[in-house]
Amino acid sequence: MAFQLPELPYALDDLEPHMSRRTLTLHHGKHHQGYIDKLNALVEGTAYADRELREVVQETCGQPDLSAVFNNAAQAWNHAFFWLSMAPRGGGAPEGELALRLERDFGDLATFKQRFKEAALGQFGAGWAWLVIDGGRLCITTTSNADTPIAHGLQPLLAIDVWEHAYYLDHQNDRGAFVDASLEHLVNWEFAAANFEDAGEGNWKANRYREVREAFADSGLGEQSQA
Ligand code: MN3
């Protein structure tokens, strides 16, 4: 079965005034649809046509002769993830274990937002800014063009599309204003928390165990026991 454009999880004007109906209409209905259509044309009649989208992304990464498949598959996946990374009346603050982890790894929410914005502004040209889990730690990372954390073994929690088409109609060249609006009003922390749990995080027993284990390693006894 051909890959399908996922429906938006909200109405086209639900993210206004921070993301306009016009932007969402074009971004979802033209850009995202375009990646799906190109992917379907590229994989028709190949084994990739019957695979999960995520598998297509992971299996075609880094293969020069499959770069067109990778680019369109990754963009199809990234956009589906991006729509879920936003919510009407989003923003605010994460709760529960994710909030504690954000404090542990960034200090506080304001510092996280500042670093996320710096990363998004520092991404030269088209790409994406992500909150990911890397080895149990929350990290901010960026990718260029279609590249995606799932091609590199990282579990993303949130994404912001920083291609110009994501913000030019609403914020013109001001990527920083777009990132600010996204973090203040659109970011879907419930989606981030769900991804956090899917990655095996957020279980208080596991986290307590991890803290004990890290303290043990920091004491030097951990290394000694491995020798
Ligand atoms: Mn886009």
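Colleague: Is Asn78 buried or exposed?
Modeller: This is a predicted model. Asn78 is found in helix H3, residues 67-84. Its relative accessible area is 0%. The cut-off for buried is under 20%, so Asn78 is buried.

Colleague: Which residues does Asn78 touch, not counting those up to four places away in sequence?
Modeller: Asn78 sits in helix H3. Sequence neighbours up to four places away are set aside here. The residues Asn78 touches are then Trp128, Trp130, Ala146, Asp147 and Thr148.

Colleague: Which residues coordinate the manganese ion?
Modeller: The donor distances run from 2.0 to 2.1 Å. The histidines each use NE2, and the aspartate uses OD. The donor residues are His27, His79, Asp161 and His165.

Colleague: Do His27 and His165 count as buried or exposed?
Modeller: His27 has 0% relative accessibility, so it counts as buried. His165 has 17% relative accessibility. The cut-off is under 20%. His165 therefore also counts as buried.

Colleague: Are helices H4 and H8 roughly parallel or roughly perpendicular?
Modeller: Helix H4 covers residues 96-106, and helix H8 covers residues 189-198. Their axes are 9 Å apart, and they pack at an angle of about 90 degrees. Angles from 65 to 115 degrees fall in one class. That makes H4 and H8 roughly perpendicular.

Colleague: What residues is Leu102 in contact with, leaving aside neighbours within four places in sequence?
Modeller: Leu102 is in helix H4. At 2% relative accessibility, Leu102 counts as buried. Its contacts are Pro94, Gly107, Leu109, Phe112, Leu131, Leu138 and Trp189.

Colleague: What separates the C-alpha atoms of Leu102 and Phe112?
Modeller: Phe112 is among the residues in contact with Leu102. The two are 10 residues apart along the chain. Their C-alpha atoms are separated by 7.6 Å.

Colleague: How far apart in space are Gly96 and Ala193, C-alpha to C-alpha?
Modeller: Gly96 is found in helix H4. At 48% relative accessibility, Gly96 counts as partly exposed. Ala193 belongs to the H8 side of the contact with H4. Gly96 and Ala193 are 97 residues apart in sequence, but in space they are apart by 8.5 Å.

Colleague: Which residues does the cis peptide bond join?
Modeller: Most peptide bonds are trans. Here omega is about 0 degrees. Pro17 lies in the segment before H1. The cis bond joins Glu16 and Pro17.

Colleague: What is phi of Asn145?
Modeller: Most residues other than glycine have a negative phi. Asn145 is in the loop between strand E2 (137-144) and E3. At 43% relative accessibility, Asn145 counts as partly exposed. Its phi is positive, near 50 degrees.

Colleague: Where is Gln172 found?
Modeller: Gln172 is not a glycine, yet its phi is positive, about 50 degrees. At 41% relative accessibility, Gln172 counts as partly exposed. Gln172 is found in the loop between H6 and helix H7 (175-186).

Colleague: What pattern does the protein follow along the sequence?
Modeller: The protein has 10 helices and three strands. Read along the sequence, the pattern is α-α-α-α-α-β-β-β-α-α-α-α-α.

Colleague: What share of the contacts between residues at least 6 apart in sequence join residues at least 24 apart?
Modeller: The protein has 227 residues, and buried residues make up 45% of them. Contacts between residues at least 6 apart in sequence are the ones considered here. The share joining residues at least 24 apart is 69%.

Notes:
Residues numbered from 1 in each chain as written. Predicted model: local features only at pLDDT ≥ 70, side-chain atom pairs only at ≥ 80, totals over all residues. Heavy atoms only, no water. Helix = DSSP H or I, 4+ residues; strand = E, 2+ residues; numbered from the N terminus. Buried < 20%, exposed > 50% of the residue type's maximum accessible area, 1.4 Å probe, protein only. Contact = heavy atoms within 4.5 Å. Donors = N, O, S within 2.8 Å, 3.2 Å for Na, K, Ca; no water. Axes fitted to C-alpha atoms, helices over the stretch in contact; angles between N-to-C directions. Parallel < 35°, antiparallel > 145°, perpendicular 65-115°, else oblique.
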